[in-house]
Amino acid sequence: MGRLVIPIGIDINRVNAVFGSHDEVLFDQLVRSRYFKKFDEEFSFKRELSDLIFTYVPVGNRKVVSSKLFGLIKGTDGRRLEGEWNDYGYALLTMCSYLGYTFSETNDELEYSHSWEQINTLLRINGCRMDLSRMLESKQVFDTPYIHDDIYTNIYSKKEVVELVSHLLIIEKDIEEKNQKPFYVLKSGLLNCMDKHLDLVIFSYEI
């Protein structure tokens, strides 16, 4: 078993601005988009996508309610997001893929392969504080319910993208021929993020 990685270049603030925006036009566009059609039949996350756009309550408008009677009466964090993380995860994947830029039309989904390990080794040797293994790790990137399960999310900030590109350019000459194709796909995608001044948000899931 491996993981399929979907790196998307996008300004994270643009995604956050969609939460609670009540943008009906965008919602209609998203439910007709490629990633929605690909995953919704299996995961059924249209309600969660609607939650993010129409139901989500921004921080300044929330009413937080503490649990009472030793937890018998549950509290609420005020976000009004009551769905499961994985459904929100696929809703976010749909949103980011529609609003952002995948690495290329033919390489928007990448299998994390052994060839990436040579890249990681060279990055470490050359003093880079990051490598590509972060794409396999999961952290809470967005203000939604979250658990470490099924669909993973992670992020390289705009500043980190620039740093990663600078190190990739240094190690390029040392990449073995058999690993050059995945290297150039990664380099091209990261250069695109840097040129457009974007963060790199990563989604991944097991295959």
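A nonpolar core is a set of buried Ala, Val, Leu, Ile, Met, Phe, Trp, Tyr and Cys residues joined through side-chain atoms within 4.5 Å. In this predicted model, the largest such core holds 37 residues, of which Phe19, Leu49, Leu52, Leu93, Met95, Phe142 and Phe203 touch the most other members. Two or more residues each are given to this core by strand 1 (3-10), strand 5 and helices 1, 2, 3, 4 and 5. Helix 5 supplies the largest share, 9 residues. A second, separate core comprises 27 residues, including Phe103, Cys128, Leu186 and Ile202.

Phe19 is in contact with Leu52, Tyr56, Leu92, Met95, Phe142, Asp143 and Thr144, residues up to four places away in sequence not being counted. Leu52 belongs to helix 4 (residues 46-55), where Glu48, Leu49, Asp51 and Ile53 are buried as well. The cover over the buried residues of helix 4 includes helix 1 (12-18), helix 2 (24-31), helix 3 (34-43) and helix 5 (85-99).

Ser204 lies in strand 5 (residues 199-206). Ser204 counts as buried because its relative accessible area is 1%, against a cut-off of under 20%. With residues up to four places away in sequence left out, the contacts of Ser204 are Arg3, Leu4, Val5, Met135, Asp150, Ile151 and Tyr152.

In helix 6 (residues 115-125), the buried residues are Ser115, Trp116, Gln118, Ile119, Asn120, Leu122 and Leu123. These buried residues pack against strand 3 (110-111), helix 7 (158-171) and helix 8 (180-196).

Terms used: Residues numbered from 1 in each chain as written. Predicted model: local features only at pLDDT ≥ 70, side-chain atom pairs only at ≥ 80, totals over all residues. Heavy atoms only, no water. Buried < 20%, exposed > 50% of the residue type's maximum accessible area, 1.4 Å probe, protein only. Helix = DSSP H or I, 4+ residues; strand = E, 2+ residues; numbered from the N terminus. Contact = heavy atoms within 4.5 Å.
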